[in-house]
Amino acid sequence: MLDDFLVRALIGGLLVAVLAAPLGCVVVWRRLAYFGDTLSHAALLGIAVGTLLSISLPLAILLVCVAVALILFALRKHGDLASDAILGLLAHGSLALGLVAIALAGQRIDLNGLLFGDIFAISRSDLFIMGGGAIIILLTLGSIWNDLLAATVSPEIAAAEDARPQRAEMIFLLLLALTVAVAIKVVGVLLITAMLIIPAITARRFAGGPETMAVLAIVAGGGAICLGLYGSFVFDTPAGPSIVVGACALFLLARIIPYGGRRPNS
Amino acid sequence: MLDLPQHSPRRSAVGREPRALARMRRAGLYANGRWLVRGIDLAIAPGEIVTLVGPNGSGKSTTVKLLLGLERPSEGQVARARDLRVGYVPQRLAIDSNLPLKVARFMRLTRALSHSDMVAALDETGVAHLTEAPMRALSGGEMQRVLIARALSLKPQLLVLDEPAQGVDMAGAIAIYDLIAAARQRLGCGVLLISHDLHLVMAQTDRVLCLNGHVCCEGTPEAVSEMPAYRTLFGGEAPSGLAVYRHQHDHRHLPDGRVLHSDGTVTQTCDTHECSHHHHDHDCAHHHADDQQAGKVR
């Protein structure tokens with residue numbers, strides 16, 4: 001069954017949807033959308049560095065993402081720049097540096113595939129790596145979920161009552177970097193943030209609690225993958241952007257259909 | 001539970017008062033080129049209510065952060081009882097509109113809580129009917145009651161409240177202070193209150209610390225309000241009669257608008273029992289005998 005490239009694409013896409021949805025909910029709650037962009041751009045630089053140095057690409061992506069996150073924290077703590085300015089610097093700086101490094105690496109890197117994803121090229125071994133990554137990410141996320149939610153709702157309460165907010169936030173950023181590494185093949189560097197955010201805000205309207213929202217976001221993300229792959233196959237359009245168009249379509253649909261005749265919960 | 005950490009090299013310096021839940025000696029915090037607070041001496045024992053007052057920027061929050069161990073002191077010592085259970089009521093709670101959060105889920109924010117315990121905790125602060133309400137739909141007073149219910153549901157040894165009566169009207173403030181007093185009585189917890197309202201300090205406060213980067217003065221509410229340092233710090237703002245608020249506690253208002261009197265009767269209004277100060281309910285049993293009332297408000 002895994003021999004069919006369409007089946008492999010579907011499984012890979014659904015894995016990314018399952019990962020990106022709960023993380024994306026946290027990104028939305030904590031207003032970290034721009035940070036997601038920064039991480040995915042840093043991932044591009046990671047691929048370039050990994051290729052140039054001939055080390056494992058997921059490892060290189062993770063290292064560069066972590067380095068960028070650490071630089072962000074250091075600048076935010078000791079500098080006089082606002083967070084969005086620092087993120088603008090890091091996001092575009094690492095994107096530009098990545099593009100330059102890829103040019104230096106010559107013909108060995110398929111730039112188009114990196115930017116927009118190459119879901120139909122997912123191999124069997126890619127799937128195993130993605131599946132392993134997904135299990136690690138979901139288990140870790142589950143173990144810090146309550147602390148992370150407490151830190152999101154009130155950093156003060158979390159700190160005073162020993163819910164270790166800083167630990168939860170650092171682990172969350174690592175998980176986000178890992179997810180970016182896993183998702184690049186599916187939607188590409190430029191559209192990863194969309195897979196984090198759009199399913200989450202699609203689910204928002206129907207959710208009465210944070211956990212419900214995360215589960216509904218997985219459904220919305222999975223729907224977007226199916227729609228996008230189908231559209232891409234039928235209309236011969238690029239898969240990554242088609243998936244994001246599918247996510248947007250689901251978001252619009254969720255806004256239009258009547259639901260309980262009332263405004264969103266809470 | 002009251003042992004101070006044995007492994008602490010500072011034990012000899014802080015361990016002399018065995019009853020203290022948390023204590024700081026000559027503690028100070030230096031950050032961004034200045035001393036935020038310096039030379040703070042503060043200890044809280046179980047069952048004690050301590051209020052920090054001071055103008056904006058006087059270091060009230062910094063002092064609490066030091067005491068709870070959220071900041072490391074640049075000088076001096078801070079120690080807490082081992083595994084101290086803290087219940088924290090923040091000054092405000094801004095929940096992102098994209099985060100769906102009902103009261104029931106918020107109650108379980110930092111600790112698991114059975115449904116019956118949750119309802120009991122909310123009932124105690126009079127908001128059990130809001131269990132399924134979204135947090136963002138709560139009014140200021142309801143929010144305060146939910147925040148306090150959550151903190152109390154942890155059965156804390158130390159209850160810390162940052163301006164719990166802020167944004168609540170006078171009657172609401174009185175009701176909240178009554179809740180805190182009742183919780184202290186029931187749980188025997190230490191209570192640390194932060195207040196920037198210089199005129200109204202909870203009547204049951206055992207000790208007031210006046211902060212302005214350091215401890216200006218300290219003592220019972222009555223004593224502090226008469227101290228020159230307090231009058232200098234809060235000078236023209238604090239007419240002597242209003243510096244400390246005490247109130248008679250003989251009835252409370254139920255969520256449905258009726259009134260529960262301390263003798264157990266329930267009426268539609270509080271008029272019938274007006275000023276029946278012969279009845280003190282148990283929450284006020286520890287009040288000092290002198291009923292001299294400064295700025296009495298019912």
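**Notebook: a two-chain predicted model**

I began with chain B, where 50% of the 298 residues count as buried, buried meaning under 20% relative accessible area, exposed over 50% and partly exposed in between, with a 1.4 Å probe and protein chains only. I noted that this is a predicted model, in which local features need pLDDT of at least 70 and side-chain atom pairs count only at pLDDT 80 or more, while totals for chains, interfaces and linings use all residues. I also noted that residues are numbered from 1 along each chain as its sequence is written, that chains are lettered from A and ligands numbered from 1 in the order in which they are written, and that side-chain values use heavy atoms, with hydrogens and water left out.

**Chain B**

I looked up the secondary structure of chain B and found eight helices and 12 strands; helices (H or I, at least four residues) and strands (E, at least two) are DSSP runs, numbered from the N terminus. For the contacts of chain B with a separation of 6 or more, I found that 65% join residues 24 or more positions apart, a contact being heavy atoms within 4.5 Å. The accessible surface of chain B is about 13,500 Å², and carbon and sulfur atoms hold 49% of that area; such areas come from the Shrake-Rupley method with a 1.4 Å probe, and for residues only the protein chains shown count as cover.

I then turned to Asn32(B), which sits in the loop between strand 1 (22-31) and strand 2 (34-44) of chain B. Its phi is near 50°, a positive value in a residue other than glycine, and Asn32(B) counts as exposed because its relative accessible area is 82%.

**Chain A**

In chain A I found 11 helices and zero strands, and of its 266 residues 52% count as buried. I checked the radius of gyration, taken over C-alpha atoms, against the globule rule of 2.2 Å times the number of residues to the power 0.38. A compact globule of 266 residues would have a value near 18 Å, and chain A, with 18 Å, agrees. Along the principal axes, the C-alpha atoms of chain A fill a box of roughly 50 × 50 × 30 Å.

Among the contacts of chain A with a separation of 6 or more, I read that 76% are between residues 24 or more positions apart. The accessible surface of chain A comes to about 11,900 Å², with 69% belonging to carbon and sulfur atoms.

**Residues in chain A**

I asked myself where Asp147(A) is found. Asp147(A) is part of helix 6 (residues 124-153) of chain A, and it counts as buried because its relative accessible area is 15%. Setting aside neighbours within four places in sequence, I listed the contacts of Asp147(A) as Ala163(A), Arg164(A), Arg167(A) and Ala168(A).

Arg31(A) lies in the loop between helix 1 (5-29) and helix 2 (33-53) of chain A. I noted that its phi is near 55°, a positive value in a residue other than glycine, and that Arg31(A) is exposed, with a relative accessible area of 65%.
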